[in-house]
Amino acid sequence: MSSQEGGIPGVTVMYPVTRVTGDVVQEKSVEVCTESRVILYLNDVVIGDLSITPVDIEAFATGHLICEGYLTSIKDITAIHIDLPHVRVTASCPVEHSSSGKFSKNSSGGSCRNLLPDGPTPPLADGMILDVETVFRSMKRVNDYSVIWKRTGGMHCSLIITEEGEIVCGVEDMGRHTTVDKAVGVALHKGVDITRCYLICSGRLPVDMVAKAYRAGIPIVVSNNAAFAGGIEFAKKANMTLAGFVRPPSMTIYTCSHRIRFPS
């Protein structure tokens, strides 16, 4: 039987387990992440049925709508009502809803919709350049914001950072996709211009992760893990800088290396 005692209320619980290390068998208690179902509505139409870590729910709702292309601005949102598992968002603008049953139904928060509307992908603008040492320092900060991961080993983390290196926010969630939703939502609620920011992730970078950053207007995405071919091809088309395996002093830049400045 699980117990809240010793855990983070609403986020983690303690479970009795049998720990095996070589020839040693021990009965212990370990801290385990919880998960909550979120049924997300936009103007009374269900657009998502997901599992997420039950914190930063308002930020998640905002970020998910932007990162999945349902809305283009936080100004379109007039109200958010949370009564888990139901999260209802009201928007002032007409919204093109996906067909019934074709919305996200998974634990990752990755899109089950078309990645982008039909037609060309307008590339993101140039102009933002980061020193390579700024990128390395930023990746080291992921550890500072991975509080629940340190206790459980069961979380992902994303940070949004300004081009000057100031951390706007750092969030954790059970899914790497939903950390991006939450981070974008927090930044937008703070009134930050995220088109002049970059995104640090702790997870792999498939096309749906990269597309989330694109829809939010973030030109640089950095991870300590691998990129996938779909994510790389999308980033190339969208003029996004994509870097993986960022583990100081090394990194792999897959696309648009012109945004990273190296010592002469």
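**Exercise 1. Locate K182 and determine whether the residue is buried or exposed.**

Solution.
Step 1. K182 lies in helix 4, residues 176-189. Helices (H or I, at least four residues) and strands (E, at least two) are DSSP runs, numbered from the N terminus.
Step 2. The model is predicted, so local features need pLDDT of at least 70 and side-chain atom pairs count only at pLDDT 80 or more, while totals for chains, interfaces and linings use all residues. Residues are numbered from 1 along each chain as its sequence is written, and side-chain values use heavy atoms, with hydrogens and water left out.
Step 3. The relative accessible area of K182 is 0%, so K182 is buried. Buried means under 20% relative accessible area, exposed over 50%, and partly exposed in between (1.4 Å probe, protein chains only).
Step 4. Leaving out residues up to four places away in sequence, K182 touches I52, T53, V55, D56, A59, F60, V171, E172 and D173. Contact here means heavy atoms within 4.5 Å.

**Exercise 2. Which residue forms a salt bridge with K212, and where do the two residues lie in the chain?**

Solution.
Step 1. A salt bridge is a side-chain nitrogen of Lys or Arg within 4 Å of a carboxyl oxygen of Asp or Glu. By this rule the count is ten salt bridges.
Step 2. The partner of K212 is E68, with the closest N and O atoms 2.7 Å apart.
Step 3. K212 is in helix 5 (residues 207-216), and E68 is in the loop between helix 1 (57-67) and strand 5 (77-83); the pair links distant parts of the chain, 144 residues apart.
Step 4. K212 is buried at 0% relative accessibility, and E68 is buried at 2%.
Step 5. A network of salt bridges links E68, D181 and K212.

**Exercise 3. Describe the salt bridge between E31 and R151.**

Solution.
Step 1. The closest N and O atoms of E31 and R151 are 3.0 Å apart.
Step 2. E31 belongs to strand 2 (residues 24-33) and R151 to helix 3 (residues 147-152); this pair links distant parts of the chain, 120 residues apart.
Step 3. E31 has a relative accessible area of 13% and is buried, whereas R151, at 40%, is partly exposed.

**Exercise 4. How are E233 and K236 placed in helix 6?**

Solution.
Step 1. The side chains of E233 and K236 form a salt bridge, 3.4 Å from N to O.
Step 2. Both residues are in helix 6 (residues 229-237); because they are three residues apart, about one helical turn separates them.
Step 3. E233 is partly exposed, at 47% relative accessibility.
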